[in-house]
Amino acid sequence: MTNRELFERAKKLMPGGVSSPVRAFKAVGGEPIIATKGEGSRIWDVEGKEYIDFLMSWGPLILGHSHPRVVRALEEQAKKGLSYGITNPHEITLAELVISAMPSVEMVRFVSSGTEATMSAIRLARGYTGRKYIVKFEGCYHGHYDGLLVSAGSGVATLGIPGTPGVPEEIANLTIVLPYNDVDALKEAFERYGQDIACVIVEPVAGNMGTVLPKDGFLQALREITRQYSSLLIFDEVITNFRVSKGGAQELYSVEPDLTCMGKVLGGGMPLGAYGGKREIMEKVAPEGPVYQAGTLSGNPMAMVAGIATLSELFEKNPYEYLDEITQTLCEGISKILKDKGIPHTINRVASMLTVFFTDQEVYDYRTAKSSDLGLFAKFFRALLKEGVLIPPSQFEAWFLSTAHTKEDIEEALNRIERAVSLI
Ligand SMILES: *Cc1c(COP(=O)(O)O)cnc(C)c1O
């Protein structure tokens, strides 16, 4: 069985042969790989080829593939039932863990994906404020909810889709899109529409136009202006929760949003999302309040025990310093390799997430991210894949490291990257 044979079959059965667009490797050309096994820091394709994995399922696997503690928890729970449709004790345990770690979260509602979390948080913000407009930032991706697909990052950026058919103009018009890190544009928008803005949603560290850090004062400005106009501030921490620090970006940058969207690391590889925030706002969610939101598999015990095992391991071992150290080593190594070859690049990094942009410009928003040489990125990606290093198949995504990546893995990855770069 080869990657190609399977993908040919897949294309006849599923749009683009995939269940999520960027997996088709369209932006980088060539055939996508089909994965059959993941273990620790490695992933294998159907042809038996092994890769050092820096995709890490797009972020959830902060403990690496199939961490024994997570697997054990799932095995034990599977014998006791996969879903009850009735509240189970694990929901309470996980809620306690989340609330203990995330500074601004006082109550939480579990859902099954990041998209569901942002969609529900927006509904809640509108229900709570009685206002219609939402503000988002160019290049930020918040899942595929209609009103959030306007000028979105991730696959929308990768495929160069400006908006998307299927989202009515009337809905798109309720979304105000501003450049990331631009406080003046923010002030201007609020001066014009402030009284009608329900919320501002932002990735406090952007990961979906590639890794882009908030400039000093940007998140604080968001906090101040939303407070001034009684709009809600929503941090979409689906990538950053339990990733950039135990308490997410809100802890790292000491800015407390009103609502927080969670996912990815939260579920440790199982489909899980959540939204939470101030009690006064969360009390508006049904059945306590009038804002409806529900889910057949929400809070299901399999996702809960995977989340509990992942967060418990993180909180007990506190590996953030280690992750920071190995990620820094990787970035420095890559930078040296590219510099020696005279390849212009900018590496953005926070904790264990990073992006290598093929531009010599500073990258601080979507426009500067787009100054990257996408042809060169595609070559780099394919050369890495050939040498056995898997990174996200797009310039506009983040690489992720995990506690399963050893120092030897980083050294080996740098050797492979050096060989790959010598071929491009
Ligand atoms: C991945 C992601 C989402 C969407 O989560 P899904 O689980 O893919 O629906 C939302 N926001 C951000 C910041 C993300 O990175």
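**Labels and their grounds**

Tutor: Start with a pairing: strand β3 (residues 50–53) and β13 are joined by two bridges and run parallel. Bear in mind that this is a predicted model.

Student: What makes β3 and β13 a pair?

Tutor: Pairing needs at least two bridges between the strands. β3 and β13 have two, so they qualify.

Student: How do you know how β2 and β3 run?

Tutor: They run antiparallel, joined by three bridges. R42 has I52 as its bridge partner in β3. β2 and β3 form a hairpin, with four residues between them. In that turn, G48 has a positive phi of about 85°.

Student: Now the seven-strand sheet. What is its order?

Tutor: β4-β10-β9-β8-β7-β5-β6, open, with mixed pairing. Neighbouring strands are turned by 20° against each other on average, direction ignored.

Student: Why are β4 and β6 said to stand at the edges?

Tutor: β4 (107–111) and β6 (175–178) have a single partner strand each, so one side of each lacks a neighbour in the sheet.

Student: What joins strand β5 to β6?

Tutor: Four bridges join β5 (residues 133–137) to β6, and the two run parallel. V135 stands opposite I176 in β6. β7 and β8 also pair in the parallel sense, over four bridges. There, I201 has I234 as its bridge partner in β8.

Student: Why is β8 called mostly covered?

Tutor: Buried means under 20% relative accessible area. Five of the five residues of β8 are buried, so the label holds. Both faces are covered: L232, I234 and D236 on one side, L233 and F235 on the other.

Student: Which strands does helix α8 touch?

Tutor: Helix α8 (residues 218–228) packs on the sheet, touching β5, β7 (197–202) and β8 (232–236). The direction of α8 makes about 150° with that of β8.

Student: Is S100 buried or exposed, and how do you know?

Tutor: Exposed means over 50% relative accessible area. S100 has 53%, so S100 counts as exposed. S100 is found in helix α3. S100 and K246 are 146 residues apart in sequence, and their C-alpha atoms are 9.9 Å apart in space.

Student: What makes a set of residues a nonpolar core?

Tutor: The members are buried residues of listed nonpolar kinds, joined through side-chain atoms within 4.5 Å. The largest such core here has 69 residues. F54, L94, V98, F242, L330 and W399 touch the most other members. Helix α11 (residues 301–317) gives the largest share, 10 residues. Domain 1 and domain 2 each supply at least three residues.

Student: Where are the two domains in the chain?

Tutor: Domain 1 covers 3–66 + 319–421, and domain 2 covers 68–317. Their C-alpha centres lie 25 Å apart. The contact takes 36 residues from domain 1 and 39 residues from domain 2.

Student: How many Å² are buried between domain 1 and domain 2?

Tutor: About 2900 Å², of which carbon and sulfur atoms give 68%. In domain 1, Y320, M353 and Y366 lose the most area to domain 2, together 22% of what that side buries.

Definitions and conventions
Residues are numbered from 1 along each chain as its sequence is written. This is a predicted model: local features need pLDDT of at least 70, side-chain atom pairs count only at pLDDT 80 or more; totals for chains, interfaces and linings use all residues. Side-chain values use heavy atoms; hydrogens and water are left out. Buried means under 20% relative accessible area, exposed over 50%, partly exposed in between (1.4 Å probe, protein chains only). Domain bounds come from an automatic or database domain assignment. Axes are lines fitted to C-alpha atoms, for helices over the stretch in contact, and angles run from 0 to 180 degrees between N-to-C directions. Contact means heavy atoms within 4.5 Å. Buried area is the accessible area (1.4 Å probe) that two parts lose on being put together, summed over both.
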